[in-house]
Amino acid sequence: MVRFHKVNGVQIQFTAEEEAQKDLEEQQWLEGAFDRSMENLRDKRNHLIAKTDWTANSDVTMSAEMKEYRQKLRDATEGLDTVEKIK
């Protein structure tokens, strides 16, 4: 694929070195997709757990449903090894 960038408002075709650098950057971005997805999932999971932390106070009796919900949240990242499994 031919790529261009603007220099002083004029479109200039990438040099071979610029093409190689851009290809490397895109490959690195793709290779990081799993880690970014896992981080996003953990952030969401941690937020949901934090919203229910009050149910774990010593003066509150946690229902079986809440215990199960919180355990499922903690287990949400288990066995995930591809981006497709995360979604």
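Reader: Where does N8 lie, and is N8 buried or exposed?
Author: N8 lies in the loop between β1 (4-7) and β2 (10-13), where strands (E, at least two residues) and helices (H or I, at least four) are DSSP runs numbered from the N terminus. Although N8 is not a glycine, N8 has a positive phi of about 55 degrees. Buried means under 20% relative accessible area, exposed over 50% and partly exposed in between, with a 1.4 Å probe and protein chains only. With a relative accessible area of 78%, N8 is therefore exposed.

Reader: What kind of model is this, and what is the mean pLDDT of the protein?
Author: This is a predicted model, in which local features need pLDDT of at least 70 and side-chain atom pairs count only at pLDDT 80 or more, while totals for chains, interfaces and linings use all residues. Residues are numbered from 1 along each chain as its sequence is written, and side-chain values use heavy atoms, with hydrogens and water left out. The pLDDT is the predictor's confidence in each residue, from 0 to 100. In the protein 100% of the residues reach 70 or more, and the mean pLDDT is 93.

Reader: What is the radius of gyration of the protein?
Author: The radius of gyration is taken over C-alpha atoms, and the globule rule is 2.2 Å times the number of residues to the power 0.38. Along its principal axes the C-alpha trace of the protein spans about 70 × 30 × 15 Å, and of its 87 residues 21% count as buried. A compact globule of 87 residues would have a radius of gyration near 12 Å, but the protein has 23 Å.

Reader: How are helices α1 and α2 oriented to each other?
Author: The axes, which are lines fitted to C-alpha atoms over the stretch in contact, with angles from 0 to 180 degrees between N-to-C directions, come within 4 Å and cross at roughly 40 degrees for α1 (residues 16-31) and α2 (residues 33-51). Angles under 35 degrees count as roughly parallel, over 145 as roughly antiparallel, 65 to 115 as roughly perpendicular and the rest as oblique. The helices α1 and α2 are therefore oblique.

Reader: Which residues make the contact of α1 with α2?
Author: Contact means heavy atoms within 4.5 Å. On the side of α2 the residues are A33, F34 and R36, and on the side of α1 they are W29, L30 and E31.

Reader: Which residues does I49 touch, not counting residues up to four places away in sequence?
Author: I49 lies in helix α2 and, at 15% relative accessibility, counts as buried. From C-alpha to C-alpha, I49 and F34 are 22 Å apart in space and 15 residues apart in sequence. Not counting residues up to four places away in sequence, I49 touches R70, L73 and R74.

Reader: With which residues is T77 in contact, leaving aside its neighbours within four places in sequence?
Author: T77 has its place in the loop between α3 and α4, and at 15% relative accessibility T77 counts as buried. The C-alpha atoms of T77 and E39 are separated by 10.0 Å, although these residues are 38 residues apart along the chain. Leaving aside neighbours within four places in sequence, the residues in contact with T77 are M38, L41, R42 and R45.
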